[in-house]
Amino acid sequence: MVRSSNDAPAPPLAPGNLTEEQRRGAACAHCGAPLSARSAVDLGSRPDADGVRIFPRACPRCAATAR
Ligand SMILES: [Zn+2]
């Protein structure tokens, strides 16, 4: 599977550095943009650095490059 060398990988999620909105999926975990329920892409819940489960989501634009 060959991918274009043009699509730069998005920076990895940095649990612990996310805002409260990003932790609960109200804002994009990558760029911080406010998310609507319709456009948000679920990144999968995971435990944060402190063990608290977070629900990061991404806006469609970041999700397209963050795979
Ligand atoms: Zn984003």
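## Helices and strands

The chain contains two helices and four strands. Read from the N terminus, their order is α-β-β-β-β-α. This is a predicted model. Helix 1 covers 20-23, strand 1 covers 41-42, strand 4 covers residues 57-58, and helix 2 covers residues 60-66.

## Confidence of the prediction

The mean pLDDT of the chain is 82. A pLDDT of 70 or more is reached by 78% of the residues. Among the elements of the chain, strand 4 has the highest mean pLDDT, at 95. The lowest mean among the elements belongs to helix 2, at 86. Where pLDDT is low, the predicted coordinates should not be read in detail.

The chain has 67 residues, and 19% of them are buried. Take the contacts between residues at least 6 apart in sequence: 47% of these join residues at least 24 apart.

The largest nonpolar core has seven residues. Its members are Ala-27, Cys-28, Ala-29, Leu-35, Ala-40, Ala-58 and Cys-59. Two of these members, Ala-29 and Cys-59, are described next.

Ala-29 sits in the loop between helix 1 and strand 1. Is Ala-29 buried or exposed? Ala-29 is buried, because 29 C-beta neighbours lie inside 10 Å and the cut-off for a buried residue is 20 or more. Leaving aside neighbours within four places in sequence, Ala-29 is in contact with Leu-13, Leu-18, Gln-22, Leu-43, Pro-56, Arg-57 and Ala-58. Ala-58 belongs, like Ala-29, to the largest nonpolar core. Ala-14 is 15 residues from Ala-29 in sequence, and their C-alpha atoms are 8.7 Å apart in space.

Cys-59 lies in the loop between strand 4 and helix 2. Cys-59 counts as buried because 21 other C-beta atoms are within 10 Å. With residues up to four places away in sequence not counted, Cys-59 touches Cys-28, Cys-31, Ala-33, Leu-35, Ser-39 and Ala-40. Cys-28, Leu-35 and Ala-40 are among the members of the largest nonpolar core. How far apart are the C-alpha atoms of Cys-59 and Ser-39? The separation is 6.5 Å, although the two residues are 20 residues apart along the chain.

## Two exposed residues

Thr-19 is placed in the segment before helix 1. Thr-19 is exposed because 11 other C-beta atoms lie within 10 Å, and the cut-off for an exposed residue is 12 or fewer. Which residues does Thr-19 touch, not counting those up to four places away in sequence? They are Ala-27 and Gly-32. Ala-27 is one of the residues of the largest nonpolar core. Gly-32 is 13 residues from Thr-19 in sequence, with 8.3 Å between the two C-alpha atoms.

Ala-64 is part of helix 2. Ala-64 has 12 C-beta neighbours inside 10 Å, so Ala-64 counts as exposed. The C-alpha atoms of Ala-64 and Val-41 are separated by 9.6 Å, and the two residues are 23 residues apart along the chain.

Notes: Residues numbered from 1 in each chain as written. Predicted model: local features only at pLDDT ≥ 70, side-chain atom pairs only at ≥ 80, totals over all residues. Contact = placed C-beta atoms within 7 Å. pLDDT = per-residue confidence, 0-100. Core = buried A, V, L, I, M, F, W, Y, C linked by C-beta atoms within 7 Å.
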